[in-house]
Amino acid sequence: MSAMIELNHVTKMYGNVVGVNDLVIELPEGAYGLIGPNGAGKTTLINLLIGHLRPTIGNVRILGSTPSSDRRILRQIGLCPATDVLYPNVSALEWVQYQVRLHGIARHECQRLAEQALETVGMSATMHRPMGTYSLGMRQRTKIAQAIAHEPQLLILDEPYNGLDPVGRSDMTRMLKNWTAAGRGLLFASHVLQEIESITSSFLLIFGGRLLASGTAKEIESMLAKTPQEIRIVGRDAARLIHRFADVDWVDSLQLTENRKELRVSLRDPTMLSTQIAHWIASDSLSIERVSAADGNLAAIFESLLRHHRGES
Amino acid sequence: MIDWLTMPFDVMRFELRRSLTPARIAMWLILVAFPVALIARLHALMPESGMPPEMQIMPLGATLYLLVPEVTCLLGLLLWATPAISTEIEGQTWVYLALRQSGRRVVLLGKYLTAVVWTLSAAWVAIALSLLIIGVEWRMWWVMGALAMLSCVAHGALYVLIGVIFFRRTMATAVLYTLTVEYGVSFVPALINKFTINYRLRGLLAQWMNWEEMRSSAENVFGTEPAGTHLLALAAITITMLGISLYRVNRAEYPTQQEG
């Protein structure tokens, strides 16, 4: 069975500027987060996946087909781009119907599929209103509807939470969980890590056009075991740990905040911390409220990977 | 297959639906009103020239041709056909169309049809009102109507091609091309003017209206070829330009959005 997404040494150049650089990815069907700061190459990668861009070097295959040459595969892909859409005097129903029709789906089917998708995103009550009267959140829901209306096998979302209020975010998370639970593919691009963590634990980390890491948070964590990571120790006695860290050779630097209740420690070997910290706290009878480490926290992993990428490890 | 053939018409229906804005309707009315107003004024001034009524037909008809198939049609198409792609790129909506299985070509064809239908409707109304004022026989009705249609079809294809290739500064490029080639080169008494659309339209005007005197006095402007040659040339220009546009749009990597 062919992979859902397959990139074989893909490089995309815009003149002399590198969009993405030598990407090698093979993802079986599932849900994946695509994480990277603005300008990392996420949108270039997405445009390669939908065949809008052709790679300068290498090849891209989606569900076994090359999207830039075999446009039939686009019927199996739904994309919700990050950019806003506004046709002021057209209703959501008309627009989604139009988008479905452009896949070559029969006219009579288009209305049913559009209504169904708009109902899924909670736009049934307002789908006949002109889009010019919509809030940003309503337009975002409409964009999701056009991405899922033709019932694709792979859904690609670029910053889908933009403009959504907390209720909208919760609804969106529920919808995406249902989507992945139904066994369909999902690629979810964001620079807000918590958004991705709520949907999937598998992710790709992209920065400067390069794939820095891929896998689950745990896999990345083990990969980073020897990479300096920063941890935060919060509590009334945080300052009393300074002499303990000063005596070991696996610490790079220490920083105590002004109120002396938070200690930031840069670790050369994070694995050593887990074996020592509990012992120190117990033997010195310290009051420590929280230790924030890289495990389970994508933000910390992301920071560490960036340092690793920059050669700071 | 039938579904694919009807898709450009669905695009046209969507485009016409979204274009029902006060600004677009006002533009349509202006395109209708300005040739009618000029023809009405010219017609009112004719008795002062001392020309007998049967002699007034040719100058009035030539003016109407200039105003509608050569000006109204080009203005309408400049507004509709030229920005077919650039408005989607600027509005950041191109990516929604490009990722559709049949999106690129069908959308371009649909937008081309929209431009032709929208402009042709204004042109035909302007011609009808003008001819009602002039009060001429039926021949000029169908000649002007046919020339307006041919102008829309051929110039529409030309502007769509310009829009597809020059998606930045589209309007400026199209205006420059029109002034240089269609209004400049088409009057140059050399082989090169035979490659312009307006030369072919003027040739058909002289042929179909039997204005031999006008043609013989300016053969390089009105041509000597039979009507069939002009029609073939217009068909070849239209098909070639649409074909290149469809090929180009299917392969183009237009910008979708800025990262960061």
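Is Glu151(A) buried, partly exposed or exposed? The legends below take up this residue and other parts of the structure.

**Notes for all views.** This is a predicted model, in which local features need pLDDT of at least 70, side-chain atom pairs count only at pLDDT 80 or more, and totals for chains, interfaces and linings use all residues. Residues are numbered from 1 along each chain as its sequence is written, while chains are lettered from A and ligands numbered from 1 in the order in which they are written.

View 1. Glu151(A) is partly exposed, because 14 other C-beta atoms lie within 10 Å. By definition, a residue is buried with 20 or more other C-beta atoms within 10 Å of its own, exposed with 12 or fewer, and partly exposed in between, the C-beta atoms being placed from the backbone. Glu151(A) sits in the loop between α4 (136-148) and β6 (154-158) of chain A. Its phi is positive, about 55 degrees, although the residue is not a glycine. Asp22(A), also not a glycine, has a positive phi near 50 degrees and belongs to strand β2 (residues 17-27) of chain A. Asp22(A) counts as partly exposed because it has 14 C-beta neighbours inside 10 Å. Most residues other than glycine have a negative phi.

**View 2. Chain A contains ten helices and 13 strands.** Helices (H or I, at least four residues) and strands (E, at least two) are DSSP runs, numbered from the N terminus. Of the 313 residues in chain A, 42% are buried. Two residues are in contact if their C-beta atoms, placed from the backbone, lie within 7 Å. Among contacts in chain A between residues at least 6 apart in sequence, 67% join residues at least 24 apart.

**View 3. An open sheet of chain A has six strands in the order β5-β6-β7-β3-β8-β9.** The pairing in this sheet is mixed; two strands pair if DSSP finds at least two bridges between them. At the edges stand β5 (77-80) and β9 of chain A, each with a single partner strand, so one side of each has no neighbour in the sheet. Neighbouring strands are turned by 15 degrees against each other on average, direction ignored. Four bridges join β5(A) and β6(A) in the parallel sense, and Cys80(A) stands opposite Leu157(A) in β6(A). Helix α4(A) lies across β5 and β6 of chain A, running at about 170 degrees to β5(A). Axes are lines fitted to C-alpha atoms, for helices over the stretch in contact, and angles run from 0 to 180 degrees between N-to-C directions.

**View 4. Strands β8 and β9 of chain A form a hairpin.** Strand β8 (residues 202-207) and strand β9 (residues 210-216) of chain A pair in the antiparallel sense over six bridges. Phe203(A) has Gly215(A) in β9(A) as its bridge partner. Two residues lie between the strands of the hairpin, and Gly208(A) takes a positive phi near 60 degrees.

View 5. Strand β10 (residues 229-234) of chain A runs antiparallel to β13(A), with three bridges between them. Arg232(A) stands opposite Ser292(A) in β13(A).

**View 6. The largest nonpolar core holds 140 residues.** A nonpolar core is a set of buried Ala, Val, Leu, Ile, Met, Phe, Trp, Tyr and Cys residues joined through C-beta atoms within 7 Å. Val96(A), Leu118(A), Ala145(A), Val68(B) and Val160(B) touch the most other members. Helix α7 (residues 138-165) of chain B supplies the largest share of this core, 16 residues. Apart from this core lies another of nine residues, among them Ala238(A), Phe245(A), Leu263(A) and Leu267(A).

**View 7. Chains A and B meet in a contact of 31 residues from chain A and 26 residues from chain B.** On the chain B side, α1 (2-18), α5 (94-98) and α6 (103-134) each supply at least two residues. The largest share, seven residues, comes from α1(B).
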